[in-house]
Amino acid sequence: MSRVFGRVDPTTHGERKVLELLSQLDERWNVFYSVGFVDRQGFDRQREIDFIASHPEKGLLFIEVKGGKVKFDDSGNISQWLESNWKVITPELQLNNARRVCLEFLKANGVDTFVPARNVYVFPFTKKPTSGLSQELQTCSIFQDD
């Protein structure tokens, strides 16, 4: 079983489901839940990564979970039902920005070697759309029916 670190227990069903699966990884994996960083480029902005899974040989997985109601349209827009409205979301931009800040933090704190890293997007309650996925989401996502 992996070792899990986090400030709080997952509050959403989607994150709880993903944590259950990540907990089953072998003992060489460390899983960090709800990791926050402050982005110092421009205005200070809080960045949060749902999960970071680290392995001494495989590197880092940066994981963004989009639970609840999510829909994709043919033009590549993604919307999530939030606060009684459909809101356009950009999980790739969100995770790429947070990943950049995390890797900058590691570098600033003495990690000066190449760290293999990969983004993973999890849509635990959404079926994989037949169109409208960016290349990154096409190759790095896990859907309900996967």
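This tour moves through the aromatic pairs, the charges over rings and the cysteines of the structure above. The model is a predicted one.

**Aromatic pairs**

A search of the whole structure finds six aromatic pairs. Begin by selecting F5 and F32. Their ring centres are 5.1 Å apart and their planes meet at 15 degrees, so this pair is stacked. Colouring the chain by secondary structure shows that the pair links distant parts of the chain: F5 belongs to strand β1 (residues 3-6), while F32 belongs to strand β2 (residues 30-39).

F5 has a relative accessibility of 34% and counts as partly exposed. F32, with a relative accessible area of 30%, is partly exposed.

Next, select F123 and F143. Here the ring centres lie 4.9 Å apart with the planes at 10 degrees; because planes under 30 degrees apart count as stacked, the pair F123 and F143 is stacked. This pair, too, links distant parts of the chain, with F123 in strand β8 (residues 117-123) and F143 in strand β9 (residues 141-143). Are F123 and F143 buried or exposed? Both residues are buried.

Ring pairs link F72, F123 and F143 into a cluster.

**Charges over rings**

Move on to K69 and W81. The charged end of K69 sits over the ring of W81, 5.8 Å from the centre of that ring. Then select K71 together with W86. K71 lies over the face of W86, and the distance to the ring centre is 4.4 Å.

**Cysteines**

For the last stop, select C102 and C140. How many disulfides does the count come to? The count is zero disulfides. C102 is in no disulfide, and the nearest cysteine sulfur to its own is that of C140, 17 Å away. Seen from the other end, the closest cysteine sulfur to that of C140 is in C102, and at 17 Å it is too far for a bond; a disulfide requires sulfur atoms within 2.5 Å.

Finally, check the surroundings of each cysteine. C102 has a relative accessible area of 5% and is therefore buried. C140, with a relative accessible area of 12%, is buried as well. The cut-off behind both assignments is a relative accessible area under 20%.

Technical notes. Residues numbered from 1 in each chain as written. Predicted model: local features only at pLDDT ≥ 70, side-chain atom pairs only at ≥ 80, totals over all residues. Heavy atoms only, no water. Phe/Tyr/Trp six-rings, centres within 6.5 Å; stacked < 30°, edge-to-face > 60°. Helix = DSSP H or I, 4+ residues; strand = E, 2+ residues; numbered from the N terminus. Buried < 20%, exposed > 50% of the residue type's maximum accessible area, 1.4 Å probe, protein only. Lys NZ or Arg CZ within 6 Å of the ring centre and 35° of its normal.
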